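Work through the exercises below with the sequence and the model open. Each task is followed by a solution in steps.

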Amino acid sequence: MSYYWLQLRRVSARLQGRLFFHEIDWTLGVDEQWAVLGANGAGKTALVQLLSGALRASSGSIEFGQGIDPAHDIGWVSFE
């Protein structure tokens with residue numbers, strides 16, 4: 001049984017040739033909730049795209065906890 005919803009290990013990703021993430025390590029535990037905030041262009045949408053599979057990591061790994069389907073279980077709210 002996993003104790004996390006998702007885990008990023010040394011994940012790097014590029015969007016339109018620009019390095020948005022470089023070797024990120026992040027674990028979202030099953031008892032945690034996160035809000036991702038930042039200015040325009042900071043990478044919030046790129047992070048959600050990375051987690052949902054719309055953007056591929058150029059290196060590293062993304063693992064999801066048991067029973068998590070990123071295509072159906074990850075979403076975002078935007079005020080644009």
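Gln7 is found in strand S1. The model is a predicted one, and the exercises start from this residue.

**Exercise 1. Decide whether Gln7 is buried or exposed, and list what surrounds this residue.**

Step 1. The relative accessibility of Gln7 is 13%. The cut-off for buried is under 20%, so Gln7 counts as buried.

Step 2. Set aside the neighbours within four places in sequence; Gln7 is then in contact with Trp26, Thr27, Ser61, Ile62 and Glu63.

Step 3. The side chain of Gln7 also makes a polar contact, at 2.5 Å, with the side chain of Arg9.

**Exercise 2. Find the salt bridges in the structure and state which strands they link.**

Step 1. The structure holds two salt bridges. One of them pairs Glu63 with Arg9, with 2.8 Å between the closest N and O atoms.

Step 2. Glu63 belongs to strand S3 (residues 59-64) and Arg9 to strand S1 (residues 4-15), so this pair ties together parts that lie 54 residues apart in sequence.

Step 3. Check the accessibility of both partners. Glu63 has 27% relative accessibility and counts as partly exposed; Arg9, at 39%, also counts as partly exposed.

Step 4. Glu23 and Arg10 form a salt bridge through their side chains, at 3.0 Å from N to O. This pair links distant parts of the chain, with Glu23 in strand S2 (residues 18-29) and Arg10 in strand S1, 13 residues apart.

Step 5. Glu23 is partly exposed at 37% relative accessibility, and Arg10 is partly exposed with a relative accessible area of 48%.

**Exercise 3. Describe how S1 and S2 are paired and what lies between them.**

Step 1. S1 and S2 run antiparallel and are joined by eight bridges.

**Exercise 4. Identify the residues of the largest nonpolar core and the elements that supply them.**

Step 1. This core has twelve residues: Leu6, Leu8, Val11, Ala13, Phe21, Trp26, Leu28, Ala46, Leu47, Leu50, Leu51 and Leu55.

Step 2. The elements giving two or more residues to the core are S1, S2 and helix H1 (44-52).

Step 3. Turn to the helix. In H1, the residues Ala46, Leu47, Val48, Leu50 and Leu51 are buried.

Step 4. The buried residues of H1 pack against S1, S2, S3 and H2. Take Ala46 as a case: beyond its neighbours within four places in sequence, Ala46 is in contact with Leu15, Phe20, Phe21 and Leu55.

Step 5. Just after H1, Gly53 takes a positive phi of about 95°.

**Exercise 5. Place Asp73 in the fold and say which residues Asp73 contacts.**

Step 1. Asp73 is found in helix H2 (residues 70-73).

Step 2. At 46% relative accessibility, Asp73 counts as partly exposed.

Step 3. Apart from neighbours within four places in sequence, Asp73 is in contact with Gly67 and Ile68.

Step 4. Compare sequence with space for Asp73 and Leu6: the two are 67 residues apart in sequence and 11 Å apart from C-alpha to C-alpha.

Notes:
Residues are numbered from 1 along each chain as its sequence is written. This is a predicted model: local features need pLDDT of at least 70, side-chain atom pairs count only at pLDDT 80 or more; totals for chains, interfaces and linings use all residues. Side-chain values use heavy atoms; hydrogens and water are left out. A salt bridge is a side-chain nitrogen of Lys or Arg within 4 Å of a carboxyl oxygen of Asp or Glu. Helices (H or I, at least four residues) and strands (E, at least two) are DSSP runs, numbered from the N terminus. Buried means under 20% relative accessible area, exposed over 50%, partly exposed in between (1.4 Å probe, protein chains only). Two strands pair if DSSP finds at least two bridges between them. Contact means heavy atoms within 4.5 Å. A polar contact is a pair of N or O atoms within 3.5 Å; within protein, one must be able to donate a hydrogen and the other to accept it, and residues adjacent in sequence count only if both atoms are side-chain atoms. A nonpolar core is a set of buried Ala, Val, Leu, Ile, Met, Phe, Trp, Tyr and Cys residues joined through side-chain atoms within 4.5 Å.
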